[in-house]
Amino acid sequence: MQGGITNRDVKLQIAKYFPWCPFCCSEKLEIDVEPDRAHDYIICDNCEAKWEVKIKEKIRSIKLVSASVGWKGKELLEKEIEPKFWQNKAWLCILTRRNPHKS
Ligand SMILES: [Zn+2]
């Protein structure tokens with residue numbers, strides 16, 4: 001990330017928008033943050049979806065760069081989308097999940 005924020009701040013911000021994976025509802029998200037790198041990444045350990053996060057002081061946009069194993073989200077690939085969109089999608093995932101034991 002870039003701008004005067006710490007790794008911890010970045011992770012807190014990301015956790016707010018990505019409480020769990022918006023595709024598979026898994027909480028096993030890996031947040032890959034490094035100082036002075038243009039982009040940071042969020043990777044779902046469960047469905048292997050991967051996002052690129054653009055941060056300048058705060059999160060500007062989050063782009064899906066790899067779809068999930070089941071190709072969920074392929075229509076969203078390579079689009080820079082506001083973080084709120086992903087937050088809503090994550091909540092929708094939980095709310096519409098019919099088989100909670102399947103996580
Ligand atoms: Zn996932």
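In helix 1 (residues 7–17), V10, I14 and Y17 are buried; a buried residue has 20 or more other C-beta atoms within 10 Å of its own, an exposed one 12 or fewer, and a partly exposed one falls in between, with C-beta atoms placed from the backbone. These three residues lie on the same side of helix 1, because they cover an arc of only 60° around the axis. The arc is taken from the directions from the helix axis to the C-beta atoms. The face turned away from the buried side carries the exposed residues R8, L12 and K16. The model is predicted: local features need pLDDT of at least 70, side-chain atom pairs count only at pLDDT 80 or more, and totals for chains, interfaces and linings use all residues. Residues are numbered from 1 along each chain as its sequence is written.

Helices (H or I, at least four residues) and strands (E, at least two) are DSSP runs, numbered from the N terminus. Strands pair if DSSP finds at least two bridges between them. An open sheet is formed by 5 strands in the order 1-2-3-4-5, with antiparallel pairing. Strand 1 and strand 5 each have a single partner strand, so one side of each is left without a neighbour in the sheet.

Strand 2 pairs with strand 3 over 5 bridges, and I43 stands opposite K50. Strand 3 and strand 4 are joined by 7 bridges. They form a hairpin with 1 residue between them; E57 in the turn has a positive phi of about 65°. Strand 4 pairs with strand 5 over 2 bridges, where K63 has E80 as its bridge partner.
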